[in-house]
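The sequence and the model come first.

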Amino acid sequence: MMMNSMKSPFNFASGTIIQGKWHHNRYTIIRELGRGANGIVYLADWNGKKVAIKVSDNHVTITSEVNVLKSFTKAQGVSLGPSLFDVDDWIHNGSQISFYVMEYIAGTDLLTFIKQNGTTWLPVLISQLLTDLDYLHKNGWVFGDLKPENLLVTKSPVKIRCIDVGGTTMQGRAIKEFTEFFDRGYWGLGSRRAEPSYDLFAVAMIVINLFYPKRFQKHGVGIEQLKKAIQDVKELRQYRPILLKALAGKYSSATEMKKELLKLIHFPSAHHQTTPKYQTNKNQRAQTNNTRTRRKKQKNKHGILETILIVSIVCIIYAFYIFEQIM
Amino acid sequence: MKTGTIKQILLITDGCSNHGEDPVAMAALAREFGITVNVIGVMENDIIDEQGVREIEGIARQGGGVSQIVYSQVLSQTVQMVTRKAMTQTLQGVVNQELRQILGNQASLENLPPEKRGEVLEVVDELNETVDLEVLILVDTSASMKHKLPTVKEALLDLSLSLNARMGNNQFSLFIFPGKGNEVEKLLDWTPKLESLTTVFAKLNPSGMTPTGPALKEAITYFKEKHLVRGYLSRHDDEFYEESI
């Protein structure tokens, strides 16, 4: 429970119209999507299109998050966070309320999705997350406050998306926002400096959270407690190697962690229906690999021949030149 | 913009002051010296009464800082958040001052168009990361704080961890009130790391009243001493943040 000494949060009814003071766009509120310490997110209609609007009495929060979303846009193709559509202020009852408008991401939060659809989806979703994180890291950012509540899974196609960029920090700086369970500082396993390994630690904790939905507090030596938590759950044990490596901060990139995650996945050999399919896939892949290497070898052979030809022609021409000089 | 030093007093208490000068007046005095006063009210199995709440909010308001009243479970996160928020507030005050100098008396961050605001905020963010910070921590050690002290210790260690991830330098100092024999007692001199907290806290024996006002007054004096000495050594004017907001 927290008693705020700051301004009281607002509550806008459905149908309220938000009109921007600078860009004059009009948005009609449909319903509230969520509220946090920083502000409230509403589902709204913008000329027939569904968008999400985040409002706050604190324009600093809004501006900071907009700066992050803008940098996502600069790094093209980043699909982890929502796209930014508009930033503006709204004059309501004499006071100025800042807001920004972003893509509305409809989906289920990660924990609920896994509960409903099973842990088969776990490696896929984590792999998607690691791909997007890698992109973010290569652009000089660290996500910061990674946790299942901030991760939604959309359907058709199934894709993991992040819906809260409040904790995103530039690499090298101090992490601005964090949640203890996912913060390596809390577990005594690293600093709060923004670097890729900070996010990868959080990813490992997200996997652990999926099997310990109630989370747990730190008692004693962090890493020993976490090792035991992994050991105590059968399904977690198969991810043990990558989890331990991520918790120790030994991965240099999200891609490295993803590669090792995918290597860990093994297909069940108990069911006969699945086995043949897997084998033909493997064979097909092996065949294409072979043809590819063969073609490459042929290409190499051609290259060498051409080089020899060119060198010999040059030598002959030079020989004629010298011959001429002597004569 | 000069990156001076941000000076803060972080007051952690669980109730109303009942001895000595009015803490709200002391907080106003601190502000005149360019020191921001932030207050965190801690509850555990008790609740801070209305008078206590009003006092806590009053101290922060007069001190130009941030206040929060929370249960001890979330103390660590609160301490960090309050310190950072107060830093941003101070820096914004400086920025607004600069803006007024450039754009005239009506200028402020709120009145800039969103795009410009974004650019200015990037500068504030950068300052937030690089500015030097001095935090003088005042911990209430009256009788009712007995069971809350371990959590306070964890929260302060955590604060040091967070702030040391920044590029700017940090200096912390720790005072308790009431102290042994005095109203206020200094436990830690200015230091960049708070590791010695653990040993220091182990020896604490909470008892007695809550002389919040005298504690604040002592804190202001300690800040003055620090900067007086520095003044002699470097002839550097870092009273830049006097008119914070």
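## Chain A overall

Of the 327 residues of chain A, 42% count as buried, where buried means under 20% relative accessible area, exposed over 50%, and partly exposed in between, with a 1.4 Å probe and protein chains only. Chain A has an accessible surface of about 18200 Å², and carbon and sulfur atoms hold 57% of that surface; the areas come from the Shrake-Rupley method with a 1.4 Å probe, and for residues only the protein chains shown count as cover. Chain A contains nine helices and 12 strands, taken as DSSP runs numbered from the N terminus (helices H or I, at least four residues; strands E, at least two). Among contacts in chain A between residues at least 6 apart in sequence, 55% join residues at least 24 apart, a contact being heavy atoms within 4.5 Å.

This is a predicted model, in which local features need pLDDT of at least 70 and side-chain atom pairs count only at pLDDT 80 or more, while totals for chains, interfaces and linings use all residues. Residues are numbered from 1 along each chain as its sequence is written, chains are lettered from A and ligands numbered from 1 in the order in which they are written, and side-chain values use heavy atoms, with hydrogens and water left out.

## The six-stranded sheet of chain A

Six strands of chain A form an open sheet in the order S2-S3-S4-S5-S7-S6, with antiparallel pairing. Strand S2 (17-19) and strand S6 (84-92) of chain A are at the edges and have a single partner strand each, so one side of each lacks a neighbour in the sheet. On average, and with direction ignored, neighbouring strands of this sheet are turned by 40° against each other; the axes are lines fitted to C-alpha atoms, for helices over the stretch in contact, and angles run from 0 to 180 degrees between N-to-C directions.

Within the sheet, strand S3 (residues 26-35) of chain A runs antiparallel to strand S4 (residues 40-46) of chain A and is joined to it by six bridges. Two strands pair if DSSP finds at least two bridges between them. A:Arg35 has A:Ile40 in S4(A) as its bridge partner.

## Two buried residues around the sheet

A:Thr16 sits in the loop between strand S1 (2-4) and S2 of chain A and is buried at 18% relative accessibility. The side chain of A:Thr16 reaches the backbone oxygen of A:Ala13 at 2.4 Å. Not counting residues up to four places away in sequence, A:Thr16 touches A:Tyr27, A:Thr28, A:Ile29 and A:Trp90.

A:Lys54 belongs to strand S5 (residues 49-56) of chain A and is buried, with a relative accessible area of 6%. An unreviewed UniProt entry places the feature "binding site" at A:Lys54; UniProt positions follow the numbering used here, feature names are shortened, and annotations may be inferred rather than shown by experiment. The side chains of A:Lys54 and A:Glu65 are joined by a polar contact of 3.2 Å, that is, a pair of N or O atoms within 3.5 Å; within protein, one must be able to donate a hydrogen and the other to accept it, and residues adjacent in sequence count only if both atoms are side-chain atoms. Residues touched by A:Lys54, not counting those up to four places away in sequence, include A:Ile40, A:Val41, A:Phe99 and A:Asp164.

## Further along chain A

Strand S10 (residues 151-154) and strand S11 (residues 159-162) of chain A run antiparallel and are joined by four bridges. S10(A) and S11(A) form a hairpin with four residues between them, and A:Ser156 in the turn has a positive phi of about 35°. A:Val153 stands opposite A:Ile160 in S11(A).

A:Ser127, in helix H3 (residues 122-138) of chain A, is buried at 11% relative accessibility. The unreviewed UniProt entry annotates residues 304-323 of chain A as "transmembrane region". Over residues 304-323 the chain is 100% helix and 0% strand, with the end C-alpha atoms 29 Å apart.

## Chain B

Strand S4 (residues 132-140) of chain B has eight of its nine residues buried, so it is largely enclosed by the rest of the structure. S4(B) pairs in the parallel sense over eight bridges with strand S1 (residues 5-13) of chain B, and B:Ile12 has B:Val139 in S4(B) as its bridge partner. S4(B) also pairs in the parallel sense over eight bridges with strand S5 (residues 170-177) of chain B.
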